[in-house]
Amino acid sequence: MQNEKDLFDMLKEMYPQHPRKEFVSATENTLRQRARSMRKKRILTKFSVISSSVLVCAFIFSWLIFFNGNGKVSEVINSFGGASSSYAMDEKEPVVYIYHSHNIESFIPELPTQEVYRERAYSDTKNVTLVGKELSRALEEIHVPSIHDETDIAGILKQKGLHFPDSYKVSRENLQKVLAENDSIRMVFDIHRDSNKRRDSTIEIKGKEYARIKFVVSKTNGNYEANKKFATQLHEQLEELYPGLSIGVIVKEGNPPNTYNQELHDNSVLLEMGGIENTLEEMYRTTDIFAQVLKDILEKSK
């Protein structure tokens with residue numbers, strides 16, 4: 001890039017005929033003004049680029065502080081698109097644990113005729129585990145991380161020569177392991193299906209049939225009060241949104257007593273969803289609603 005002196009010297013070489021002093025002075029002033037103008041433009045351009053960069057960095061840094069140091073730049077940028085959920089974990093750690101102590105409990109409409117035994121609808125494949133899987137899927141869809149344990153408890157009982165009442169002892173081992181490895185877990189659900197007949201286990205809402213939910217709490221466990229409070233909160237939230245979908249909170253003492261492993265977590269409840277005469281489609285409708293209820297409760301407890 002030529003400076004003012006270079007331009008002036010070049011001009012003199014182009015005009016060796018000794019121009020008038022007035023012409024030289026006027027031309028020199030013009031050239032100096034243009035040079036200064038060019039420098040100002042370059043300075044303004046650089047300043048504009050630098051200022052923009054500083055502003056962007058400051059803006060991102062402010063947002064990171066706002067998120068207590070846990071935010072990610074990509075999450076900040078994505079938030080402006082309106083696509084982020086109102087309940088999004090800073091980290092994708094599981095907050096809900098779902099398992100099945102009686103994993104082969106099934107539903108008469110879903111089984112071949114030869115496999116149906118009244119009051120004893122069981123299946124190794126089409127069973128309550130599919131309901132837990134659907135609940136986990138529905139939770140993930142609304143950005144609530146979960147763990148769904150599909151362990152074949154009945155298979156382990158058979159393999160070890162244990163009896164049906166030992167189911168809770170077997171499922172307890174997995175529950176203890178998961179809780180030890182995931183201190184982020186805030187809700188624990190052992191999902192069963194009830195033995196109620198269809199008239200008691202089903203409700204019609206807006207022209208569609210849904211499987212009803214019963215919340216079971218053991219009175220003999222050390223966390224009884226906390227478990228009951230949590231179960232009541234679930235029941236009341238469902239009642240507010242879909243009256244009649246919840247059968248209510250059932251407190252059991254049992255003989256012999258069974259804690260249902262609820263002493264291992266304050267927010268632990270045994271869910272009896274639907275009955276032997278419900279279909280999986282009716283169960284899935286209920287789990288989708290229940291997933292939203294869990295999200296609402298998690299948001300309120302933040």
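Helices (H or I, at least four residues) and strands (E, at least two) are DSSP runs, numbered from the N terminus. This is a predicted model, in which local features need pLDDT of at least 70 and side-chain atom pairs count only at pLDDT 80 or more, while totals for chains, interfaces and linings use all residues. Residues are numbered from 1 along each chain as its sequence is written, and side-chain values use heavy atoms, with hydrogens and water left out.

**View 1. The whole chain.** The chain has 9 helices and 8 strands. Of its 302 residues, 39% count as buried. Buried means under 20% relative accessible area, exposed means over 50%, and partly exposed lies in between (1.4 Å probe, protein chains only). The accessible surface of the chain is about 17,900 Å². Carbon and sulfur atoms hold 53% of that surface. Areas come from the Shrake-Rupley method with a 1.4 Å probe; for residues, only the protein chains shown count as cover. Contact means heavy atoms within 4.5 Å. Among contacts with a separation of 6 or more, 76% join residues 24 or more positions apart.

**View 2. The open sheet.** Six strands form an open sheet in the order β2-β1-β3-β8-β6-β7, and the pairing is mixed. Two strands pair if DSSP finds at least two bridges between them. Strands β2 and β7 (246-252) are the edges, each pairing on one side only. From one strand to the next, the twist averages 25 degrees. Strands of a sheet pair through backbone hydrogen bonds, either parallel or antiparallel.

**View 3. Strand β6 beside β7.** Strand β6 covers residues 213-218 and pairs with β7 in the parallel sense over 6 bridges. I213 has S246 of β7 as its bridge partner. V217 stands opposite V251 in β7. In β6, 6 of the 6 residues are buried, so the strand is largely enclosed by the rest of the structure. Both faces are covered. I213, F215 and V217 lie on one side, with K214, V216 and S218 on the other. In a regular strand the side chains alternate between the two faces of the sheet.

View 4. F215 lies in strand β6. It is buried, with a relative accessible area of 0%. Leaving aside neighbours within four places in sequence, F215 is in contact with residues including A231, L234, L238, V249, L271 and F290. F215 and L234 are 19 residues apart in sequence, and their C-alpha atoms are 8.3 Å apart in space. A nonpolar core is a set of buried Ala, Val, Leu, Ile, Met, Phe, Trp, Tyr and Cys residues joined through side-chain atoms within 4.5 Å. The largest one has 39 residues. F189, I191, F215, L234, L271 and F290 have the most contacts inside it. Helix α9 (residues 280-300) gives the most to this core, with 9 residues. A second, separate core of 7 residues includes Y97, Y99, V178 and L179. In soluble globular proteins, nonpolar side chains tend to be buried together.

View 5. Helix α6 (residues 167-181) has 15 residues and reaches 22 Å from its first C-alpha to its last. That is close to the 21 Å expected at 1.5 Å a residue, where the expected span is 1.5 Å times one less than the number of residues. Buried residues of α6 are S167, Y168, V170, S171, L175, V178 and L179. Their cover includes β1 (96-99), β2 (146-148), α5 (153-160), β3 (187-192) and β8 (268-273). Helix α9 lies across β3, β6 and β8, and runs at about 165 degrees to β3. Axes are lines fitted to C-alpha atoms, for helices over the stretch in contact, and angles run from 0 to 180 degrees between N-to-C directions.

View 6. N227 lies in helix α8 (residues 224-241). At 0% relative accessibility, N227 counts as buried. Not counting residues up to four places away in sequence, N227 touches V217, N221, Q262, H265, D266, N267, S268 and V269.

**View 7. Two loop residues with positive phi.** K206 lies in the loop between β4 (202-205) and β5 (208-211). Its phi is near 55 degrees, a positive value in a residue other than glycine. K206 is exposed, with a relative accessible area of 82%. N261 lies in the loop between β7 and β8. Phi of N261 is near 65 degrees, again positive in a residue other than glycine. N261 is buried, with a relative accessible area of 4%.
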